[in-house]
Amino acid sequence: MYNFRNYLEELSESSGIGFRLVGEDETTYFDGSGSISEDKICETQIYLGKNKALIIMDKRYEVCAPLLKYSIESKYRELFSMREQSLIDILEGKEVGINKLEKDFPFLLRGCTLFLVSIDGSRYE
């Protein structure tokens with residue numbers, strides 16, 4: 001199964017740029033940076049959906065940071081918008097292939113419960 005982490009590994013390997021992707025809550029999403037001394041670090045802030053994260057890399061690759069930022073944010077949006085659309089299709093009763101379900105929502109194959117909440121009036125009340 002191809003996922004975001006696989007993409008980050010592939011991006012690091014194919015570009016030759018070792019980087020680390022760390023969320024604002026200190027969660028490390030990917031670490032392909034090896035060891036970079038503190039005085040040679042370049043940090044670039046990116047958004048993964050609504051969450052902020054940092055790309056941490058060697059300062060000598062600083063000129064590549066905008067392209068790396070664009071690549072990572074675009075792939076994140078692409079991967080997660082496809083999952084969102086699949087979920088919308090399921091909720092609307094459209095047919096979704098089992099292969100797509102296995103790829104996007106592997107937990108559904110183990111069984112789950114879905115709660116639909118219908119709200120009359122204002123959904124903000």
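Helices here are DSSP runs of H or I with at least four residues, strands are E runs of at least two, and both are numbered from the N terminus.

I'm working on a predicted model, so I noted the rules: local features need pLDDT of at least 70, side-chain atom pairs count only at pLDDT 80 or more, and totals for chains, interfaces and linings use all residues. Residues are numbered from 1 along each chain as its sequence is written, and side-chain values use heavy atoms, with hydrogens and water left out.

**Asp89.** I found Asp89 in helix α2 (residues 65–91). Buried means under 20% relative accessible area (1.4 Å probe, protein chains only), and Asp89 counts as buried because its relative accessibility is 17%. I then looked up its contacts (heavy atoms within 4.5 Å): leaving aside neighbours within four places in sequence, Asp89 meets Lys94 and Val96.

I checked β3 (residues 41–48) against β4 (residues 51–58): they run antiparallel and are joined by 8 bridges. Strands pair if DSSP finds at least two bridges between them. Gln45 stands opposite Leu54 in β4. The hairpin has 2 residues between the strands, and Gly49 takes a positive phi near 70 degrees.

**The core.** A nonpolar core is a set of buried Ala, Val, Leu, Ile, Met, Phe, Trp, Tyr and Cys residues joined through side-chain atoms within 4.5 Å. The largest one has 19 residues, of which Phe19, Leu21 and Ile72 touch the most other members. Two or more residues each come from α1 (4–15), β1 (19–23), β3, β4 and α2. I see α2 giving the largest share, 5 residues. Not counting residues up to four places away in sequence, Ile72 touches residues including Phe4, Phe19, Ile46 and Ile55.

Definitions and conventions: Buried < 20%, exposed > 50% of the residue type's maximum accessible area, 1.4 Å probe, protein only.
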